[in-house]
Amino acid sequence: MNKLSIELSENNVGCYVKTDLKTINDVEIQEIKKLLNKYAVLFFKEQNLSPEEYMRFASQFGQPAKYPMLKPHRDYKDIYVIERKKSDKGLSFGEGAHLDSVYMNNPPRFTFLQAVDVPEEGQGNTLFYNQFLAYEALPNEIKTKIENLKGIFSSKGKIAKTRTLREAEHGTSNTKEIKSEHKLVQTIDGRKAIYSSPGHIVGIANYTSDQNELIEFLSSHQTKKEFSFSFSWKKGDLALWSSASLHAATAFNGDRKMFRITVQ
Ligand SMILES: [Fe+2]
């Protein structure tokens, strides 16, 4: 098998994969899927895929998901545009650790993000938090406690405020609340990961003890520095992550344009 060359990121949160996605073959796709299951987030530097190449790559991981709260690409309706202008005020879209669309009954399994236009290096980074590592580091007593609990996730959770600007542009403000429950622990390829989105969790189903205490504990544990990595974007870079990685946009001032695809 043609082994792809990889390099782990700081804190082993994810890994860089050295390949050319424009000419990738089926064997390499299978290998990337394995790497994704193992490392939760993968970085591909300076790929500069065309929208068509990008769609073709993403489609091999599942069915593209709809996200009505962002503007779609003019020609490729499953690519969503996350754009911020220098003159924009307020929070960046997606600031605060979260999982994408976790309030849906069937949330996307993978998210792809491609840098089309980015401010200078080190501005507009994306933070990633590896939830395999976060789970492993939990005290045994918490592992046992959360094993069969379900989190309640809402589209109006605290991260919703970062959408205000984008929704106003797109005329999708005042959308009705969507809620869903999911187990707080997921298993991927035999390894457990915490499955909770600090930006969306609003409760824990059938949990009679102090809900806020457990939510606060989990959310702050999940986002500890030792499970995190701040990825600095260059034009043409592509990141791909699973629900075993939380992510968060960071504050910045400047013009930035990203293309996002989520798949189920
Ligand atoms: Fe996100």
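First, the ground rules. The model is predicted, so local features need pLDDT of at least 70 and side-chain atom pairs count only at pLDDT 80 or more, while totals for chains, interfaces and linings use all residues. Residues are numbered from 1 along each chain as its sequence is written.

Overall, the protein chain has six helices and 16 strands. Here helices (H or I, at least four residues) and strands (E, at least two) are DSSP runs, numbered from the N terminus. The radius of gyration is 18 Å, close to the 18 Å that the globule rule gives for 264 residues, so the protein chain is as compact as a globular protein of that length. That radius is taken over C-alpha atoms, and the globule rule is 2.2 Å times the number of residues to the power 0.38. Along the principal axes, the C-alpha atoms fill a box of roughly 50 × 50 × 30 Å.

Of the 264 residues, 38% are buried. A residue counts as buried if 20 or more other C-beta atoms lie within 10 Å of its own, exposed if 12 or fewer, and partly exposed in between, with C-beta atoms placed from the backbone. Two residues are in contact if their C-beta atoms, placed in that way, lie within 7 Å. Among contacts with a separation of 6 or more, 83% are between residues 24 or more positions apart.

Now helix H1, residues 26–39. At 1.5 Å a residue its 14 residues should span 20 Å, and its end C-alpha atoms are 20 Å apart, which agrees. The expected span is 1.5 Å times one less than the number of residues. Which residues of H1 are buried? They are Ile32, Leu36 and Tyr39. These cover an arc of only 90 degrees around the axis, which puts them on the same side of H1. The arc is that of the directions from the helix axis to the C-beta atoms. On the other side, Asp26, Val27, Gln30 and Lys34 are exposed. The buried residues pack against strands S2 (15–18), S3 (41–44) and S14 (238–242). After H1 comes alanine 40, whose phi is positive, near 75 degrees.

That brings us to S14. Five of its five residues are buried. In a regular strand the side chains alternate between the two faces of the sheet. In S14, Leu238, Leu240 and Ser242 are buried on one side, and Ala239 and Trp241 on the other. S14 runs antiparallel to S3, joined by four bridges; two strands pair if DSSP finds at least two bridges between them. Phenylalanine 43 stands opposite alanine 239 in S14. S14 also pairs with strand S6 (residues 110–117), antiparallel over five bridges, and there glutamine 114 has leucine 238 as its bridge partner.

Next, helix H6, residues 211–222. Its buried residues are Leu214, Leu218 and Gln222. The face turned away carries the exposed residues Asn212, Glu213, Glu216 and Ser220. Among the elements covering the buried residues of H6 are helix H3 (131–136) and strand S15 (245–249).

Last, serine 232, in the loop between strand S13 (228–231) and S14. Is serine 232 buried, exposed or partly exposed? Serine 232 is partly exposed, with 15 other C-beta atoms within 10 Å. Leaving aside neighbours within four places in sequence, serine 232 is in contact with Glu121, Gly122 and Asn125.
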